[in-house]
Amino acid sequence: MNRIFADIRGRVLGGPIRRYYKLKAAYSILGELSECQGLESALKVLVSNVAARMGVEIVSIMFIDNDMRRLVIKIARGLNDEIVKNAATQIGQGVSGWVGKTGQPLLIKDITKDTRFTQRSSNGKYYNNSLLSVPIKIQDRIIGVININNKVSKDIFREYDLDLLKTIADTAAIVIENIKLQEDLKRINDTSYELMSNVSHEMKTPLAIIKEAVSLMLEGHNGGINEKQKKYLELSKQHIERLNRLINEYMESAKAMQGKLLLRRSLFDITGTIRNVVDSLNMLANEKGVELKGIIPDKKVEIWGDPDKLNEVISNLVDNAIKYNKQQGSVELKLDEKDSMIAISVSDTGMGIPHEEINKIFDRFYRAESSFREGIHGTGLGLSIAKDIVSLHKGKILVESEPDKGTKFTVVLPKSLRK
Ligand code: ADP
């Protein structure tokens, strides 16, 4: 009944009111489509909307194939499954093929009288010989076609129907293109993460062997070494550890993207982790002329969490604090505890982060403009992983920064995950 009413309304109402209904339809379709997850569900919503708003029984949506030669039905309503499964039209042939080729919308009141097409009259499936076919276009690029037949009112299609279907198709085109781009991006992301993860994995073993050899030399297993050699070897070890952290970052990021980042929790003393980080990054700080200081309570502070992953988070924050610091600068790593929470803060006297970028630095691959300008290397992954790890611990990570003065990151964690 509503559909028949929609049809009568379409015929009777004049210009401005029709324009109002058209915009309202477009707005509401845009809203519904934007909520859809994936192309398939968006197309289902689109078909239902076309059927309801146009008051028709038969709707089909066709997309141009990758080889650009055919239009293939992606979804339909009111046609039997067998037709849908096998339906494909060569570009340039038949009604949809004509629309797919020319990009022009088509209103046909009686196909038997249209000399452009050799179509027979309707075969009982249709109430009459009238149909509408409009292109789905992104600017000038045609990506598909929407066809409709059979008004519930049994009337033929008119100009105002064509106008409304064109508006719906234009609205849908924007959302469809957006979803397709997102799906393509996800496919590219998945592939690149898989590649990244495999390469990183392959690099881990040789790196572990090099690190072991350097450690053995440092311990004097193959004869004594002089002070200069010791210094070089220690520096090499620190850089091997840095490379290891980088590889871990890639692997963790790949896992986080695939929702596979998991914690291995145990009750452990976080002061040990912090001491460890200070020890292992001290030399790197010295190398840059930065003073690294740890302020840690003189007692055990036990928390429930993943010691390796939290080590990674703190190492990354301290590594950044050194990396983005200036000569003669300083870094302070501090642990505070209060009731059931702990706070680990890393403050530096470095370049700082501009206000407008502070909310973006936790995004995967984001690097502040100033880091590029200063030629400081990085992946833009460390903070995004830190954020993922901290939120798996039900904690949060805060940042305060003043350009040219310094930055302070604070990781706030519950001591126990059990509330
Ligand atoms: P990166 O590998 O680039 O250091 P991160 O994800 O760890 O990646 O950090 C993202 C960006 O945040 C960095 O590229 C840098 O621009 C900014 N940043 C992070 N820590 C600091 C800091 N302590 N001081 C200034 N900028 C920082």
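## Ground rules

Residue numbers start from 1 along each chain as its sequence is written. In this predicted model, local features need pLDDT of at least 70 and side-chain atom pairs count only at pLDDT 80 or more, while totals for chains, interfaces and linings use all residues; side-chain values use heavy atoms, with hydrogens and water left out.

## Around the ligand

There are 21 residues around the ligand, and Y324, R367, S371, T379 and L383 come nearest (being near takes a heavy atom within 4 Å). By class, the shell has nine nonpolar, nine polar and three charged residues. Here Ala, Val, Leu, Ile, Met, Phe, Trp, Tyr, Cys and Pro count as nonpolar, Asp, Glu, Lys and Arg as charged, and the others, Gly among them, as polar.

Now for the polar contacts (pairs of N or O atoms within 3.5 Å). R367 puts a polar side-chain atom 2.5 Å from a ligand oxygen, and Y324 has one 2.7 Å from a ligand oxygen. On its own the ligand has 530 Å² of accessible area (Shrake-Rupley method, 1.4 Å probe), and the protein covers 99% of that.

Which elements give two or more residues to the shell? They are α9 (307–323), α11 (382–392) and β13 (406–414), with α9 giving the most, four residues. Helices (H or I, at least four residues) and strands (E, at least two) are DSSP runs, numbered from the N terminus.

## How the helices pack

Helix α6 (residues 159–218) and helix α7 (residues 227–257) have axes that come within 8 Å and cross at roughly 155°. Axes are lines fitted to C-alpha atoms over the stretch in contact, and angles run from 0 to 180 degrees between N-to-C directions. The α6 and α7 pair is therefore roughly antiparallel (over 145 degrees). Residues of this contact split into 16 nonpolar, eight polar and six charged.

Notes
Angles under 35 degrees count as roughly parallel, over 145 as roughly antiparallel, 65 to 115 as roughly perpendicular and the rest as oblique. A polar contact is a pair of N or O atoms within 3.5 Å; within protein, one must be able to donate a hydrogen and the other to accept it, and residues adjacent in sequence count only if both atoms are side-chain atoms.
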